Protein chains: 2
Amino acid sequence: MNSEYSGAGDPAKSLELLWGLQSKPTRGPKPALTVDQVCAAAVRIADSENLSALSMRRVADELGVGAMTLYRYVPGKAELLDVMLDSVYGEFPRRPVDGDWRAKLQEVALENRELYLRHPWLLYVASSRPPLGPGLMAKYEYELEAVEGIGLTDVEMDAAIALVNGYVHGAVRSAVDAKQVIQSSGITDKEWWLAHAPLLEKIGDAQKFPLASRVGTTVGEEFDAPYDSDFLFSFGLDRVLDGIAALLSAKQL
Amino acid sequence: MNSEYSGAGDPAKSLELLWGLQSKPTRGPKPALTVDQVCAAAVRIADSENLSALSMRRVADELGVGAMTLYRYVPGKAELLDVMLDSVYGEFPRRPVDGDWRAKLQEVALENRELYLRHPWLLYVASSRPPLGPGLMAKYEYELEAVEGIGLTDVEMDAAIALVNGYVHGAVRSAVDAKQVIQSSGITDKEWWLAHAPLLEKIGDAQKFPLASRVGTTVGEEFDAPYDSDFLFSFGLDRVLDGIAALLSAKQL
DNA sequence: GCTTACTGGGTACGCTGTACGGGGTAGTCG
DNA sequence: CGACTACCCCGTACAGCGTACCCAGTAAGC
């Protein structure tokens, strides 16, 4: 499973694509496709297979055209990824929430999690300087609303949602990775741990790394317990939100 | 800049490599290279160039051998990445710290940050199920020591350091990405924002997304202020540690 | 000295993104 | 209406990737 880096293309060209600023041609045959169709096909492939299965030829096959035809609509693969990103950001739920900042931020985290689970390839493409398309702008606006007017500076507001989003990204990625490893290898964490325990013991694992082997064993055993990923996700998220709460009360003194 | 996925190879073969469990050959010519040499050359390339410059042929050139020779030492590129990961984990400082859990966890975060800054490609390869080599085990052991005996369960201990490490990963990746974009494009965040402001205004940015444009502008302007990355890093880290502190005091009630 | 396990590495296959250029099509202008 | 030309689709080609396969050369064991 590879992952690519968004923002690798020409940012100006990506922006033109994202906001539909291309000057429309007047002469010549009508285009058989649209950028949206190309993007939708690419998202379909990335969703149902994975990011490394996403190639220009594969997208072209999906649309029943030649590979080079895609370059009539998109400058290159990097810009296509930018468009894909913004298009799925556009389906961010943005459900209205009654409650304080904490309830709203929690909802933001859950919606981000939903998005990642629906489009797992996002986990491997999300960049720190994403293209400023309409989808991302709307998502960012919604997220900022959760922390507006609670006493944070603009920079702190941005840092707060970056903190939450960063946590969600890491947590969901761990969970998705683990699930994929289990699916592809056919063995669970517990089984894997048990299978390799003798090898690690032979090396002197428990003597040299007592804490690591104790905690590792416990975590491995608990991993397929009834409360699994949901519990762990909420646990970490609560810590992050507690941290923001601590900042707020410190500022009020 | 691409990134690859560690753990994609055969875990058993990676483990053998990591712990040096290969049965040594008795007959035939002496190998001209060692796994360590191959790994060191690969790390050198990834450090000085980047992860997408790391190819088997490139590593072979660095060592003055043919490309296929590497497959005498390493089953494939995926396993080579595993070995590279564990080898740089092995240089994790693990400085002893006097103080409470918070001072120790802060030190863990700073050392992780150093490691990422010294080997930026780590940011694009780190996986959730890394190979359990000696380097990672020692690092994990050291990190667990920071939160041992402060009243957390084993699962909570693991979750706590995963939380800190996840934060560091995200924060450093953002900083490194930003720096690379500035270097490669030659324009700073502020200049980029100013250059695209008229375009975004034409679209109706400020009307549709008032918060996003206000906060975005502020963040863009502050970004190359004197206190930049160090301040922001500590800010987020303090929030994470506050969150763990809140958990600890809640458990003591 | 023969056998045999092992090493180095050349060649080749299928994959990638995409530069280039050719042939067909449709709207515009003399 | 014919010519022009901008635009469409896309076949070919190239450089690069990971690596399967295979063969020649080497050195240890019998």
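This is a predicted model: local features need pLDDT of at least 70, side-chain atom pairs count only at pLDDT 80 or more; totals for chains, interfaces and linings use all residues.
Q: Which residues come nearest to DNA strand D?
A: A residue is near a strand if its C-beta atom, placed from the backbone, lies within 6 Å of it. There are 25 residues around DNA strand D, and A:Gly28, A:Ala32, A:Gly66, A:Met68 and B:Ser55 come nearest.

Q: Which helix of chain B gives the most to that surface near DNA strand D?
A: Helices are DSSP runs of H or I with at least four residues, strands are runs of E with at least two, and both are numbered from the N terminus. In chain B, helix 3 (56–63) and helix 4 (77–89) each supply at least two residues of the surface near DNA strand D. Helix 3 of chain B gives the most, with three residues.

Q: What does UniProt place at residues 55–74 of chain A?
A: UniProt positions follow the numbering used here, feature names are shortened, and annotations may be inferred rather than shown by experiment. An unreviewed UniProt entry places the feature "DNA-binding region" at residues 55–74 of chain A. That stretch of chain A is 40% helix and 0% strand, and its end C-alpha atoms are 13 Å apart.

Q: How many helices and strands are there in chain A?
A: Chain A has 11 helices and zero strands. Its C-alpha trace spans about 75 × 55 × 30 Å along the principal axes.

Q: How many residues of chain A are in contact with chain B?
A: Two residues are in contact if their C-beta atoms, placed from the backbone, lie within 7 Å. In this model 57 residues of chain A are in contact with 57 residues of chain B. On the side of chain A that touches chain B, the largest share, 15 residues, comes from helix 7 of chain A. The residues on that side of chain A divide into 31 nonpolar, 13 polar and 13 charged.

Q: Is B:Leu80 buried or exposed?
A: A residue is buried if 20 or more other C-beta atoms lie within 10 Å of its own, exposed if 12 or fewer, and partly exposed in between; C-beta atoms are placed from the backbone. B:Leu80 is buried because 24 other C-beta atoms lie within 10 Å. The place of B:Leu80 is in helix 4 of chain B. Neighbours within four places in sequence aside, B:Leu80 is in contact with B:Val38, B:Cys39, B:Ala42 and B:Val74.

Q: Which residues have the most contacts inside the largest nonpolar core?
A: A nonpolar core is a set of buried Ala, Val, Leu, Ile, Met, Phe, Trp, Tyr and Cys residues joined through C-beta atoms within 7 Å. The largest one has 119 residues, and A:Ala42 and B:Ala42 have the most contacts inside it. Not counting residues up to four places away in sequence, B:Ala42 touches B:Leu54, B:Val59, B:Leu80 and B:Met84.

Note on methods:
Residues are numbered from 1 along each chain as its sequence is written. Chains are lettered from A and ligands numbered from 1 in the order in which they are written. Ala, Val, Leu, Ile, Met, Phe, Trp, Tyr, Cys and Pro count as nonpolar, Asp, Glu, Lys and Arg as charged, and the others, Gly among them, as polar.
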